[in-house]
Amino acid sequence: MLSMLRAIIVLAAGLAQVPQATPPQPPPATQAPQPPPATDVYLVALADPAAWTASSVSNISASPGYDNQPSFMRDSRSVLFTSNRDGKQTDIYRYWIADRKLTQVTSTAESEYSPTIVPAGNGFTVIQVEADQAQRLWQFDLTGKSPQVVLPDVKSVGYHAWIDASTVMLFVLGQPATLQRATPGAAETQTVASGIGRSIAAIPNAKAVSFTSRDDTGVWWIRKYDAETGAVTDLVRAPEAGEPHTSWSRDGRLFTAAGTKIYSWKAGAAGWTVVGDLSAAPVRTISRLAVSPDGRWLAFVAEPPAAQ
């Protein structure tokens, strides 16, 4: 009897040491990607910036969610921009200034960003996020039809600017992001700068673009790439600490924004000039902007009052 009791005790002790199977754990929940910040596209006349008031500014997108990347048509009568109207994907919209009318231009299953008129003026290019998440440069006609891929082999394009019909400059995603020169239809590109910011702008009356990047101390600069010589040179230091977004006017002025202030600079100037302050308008944190070809209008992106 005693030996049987000892055997039971030994067996129980052995069982206690056997590791118990851990029930399978469910995989961690995948966080949904964060939507882009709520922004709107606004329009203001450049004729008298000293007189800017809340009533001077028109909200031309007037839609909840993401509206961004304004770009004027060549005749300055309308503005293209990116808009997310259904909470799912973005399309390109067109605002007619005189009529105050908004029309949808593209209607695709993919998302389009950064509409830019092509040098020939007969269409516009966009960055299209395709089903496999490739980001390629596509061209549409002015009605938003006849899509065709411009650079089939470049699949990580973030932004772009045309120098001429045979040269387009690309912000290519990566660590770091790079400025690359491309020819429509060609497979190869040329990297001309690295560690660049998100603003590329064609410089009027020159085969060149401006782009942004930081120096060794972290200060943002606007720099120039000359497509004829291949040279990269400094133009001007950004007016404030944040990453600048820029646009050129046909008379050679470079525009940017910081907070609610609009600045301009011209080659040969000692520094930036304050064009005007839009603090009286119901906006904050101006980012991207575009100057109309005739110099009469400024389109800009800002956070609406609801974002405060």
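The following questions and answers cover strands, a core and a pocket in a predicted model.

Me: What kind of model is this, and how are its residues numbered?
Reply: The model is predicted: local features need pLDDT of at least 70, side-chain atom pairs count only at pLDDT 80 or more, and totals for chains, interfaces and linings use all residues. Side-chain values use heavy atoms, with hydrogens and water left out, and residues are numbered from 1 along each chain as its sequence is written.

Me: In β17, which residue is the bridge partner of A208?
Reply: Strand β16 (residues 208–214) and strand β17 (residues 220–226) are antiparallel and share seven bridges. In β17, A208 has as its bridge partner D226.

Me: Why is β24 largely enclosed by the rest of the structure?
Reply: W297, A299 and V301 point one way from β24, while L298, F300 and A302 point the other way. In general, side chains in a regular strand alternate between the two faces of the sheet. Strand β24 is largely enclosed because its buried residues number six of the six.

Me: Which residue in the turn between β23 and β24 has a positive phi?
Reply: Strands β23 and β24 run antiparallel and are joined by three bridges, one pairing A290 with A299. They form a hairpin with five residues between them, and the turn residue with a positive phi, about 75°, is G295.

Me: How many bridges join β13 to β14?
Reply: Strand β13 (residues 178–182) is mostly covered, with four of its five residues buried. Its hairpin with β14 has six residues between the strands, where G185 takes a positive phi near 90°. R181 has Q190 in β14 as its bridge partner. Strand β14 (residues 189–194) is antiparallel to β13, and the number of bridges is five.

Me: How many residues in the lining of the largest pocket are charged?
Reply: On a 1 Å grid over the protein atoms alone, a pocket is an open set of points where a 1.4 Å probe fits, with protein on both sides within 12 Å along at least five of seven lines; lining residues have an atom within 4 Å of a point. The lining has 39 residues, with S71, T116, A201, A202 and S247 nearest the centre. Ala, Val, Leu, Ile, Met, Phe, Trp, Tyr, Cys and Pro count as nonpolar, Asp, Glu, Lys and Arg as charged, and the others, Gly among them, as polar. The lining divides into 23 nonpolar, twelve polar and, as charged residues, four.

Conventions:
Two strands pair if DSSP finds at least two bridges between them. Helices (H or I, at least four residues) and strands (E, at least two) are DSSP runs, numbered from the N terminus. Buried means under 20% relative accessible area, exposed over 50%, partly exposed in between (1.4 Å probe, protein chains only).
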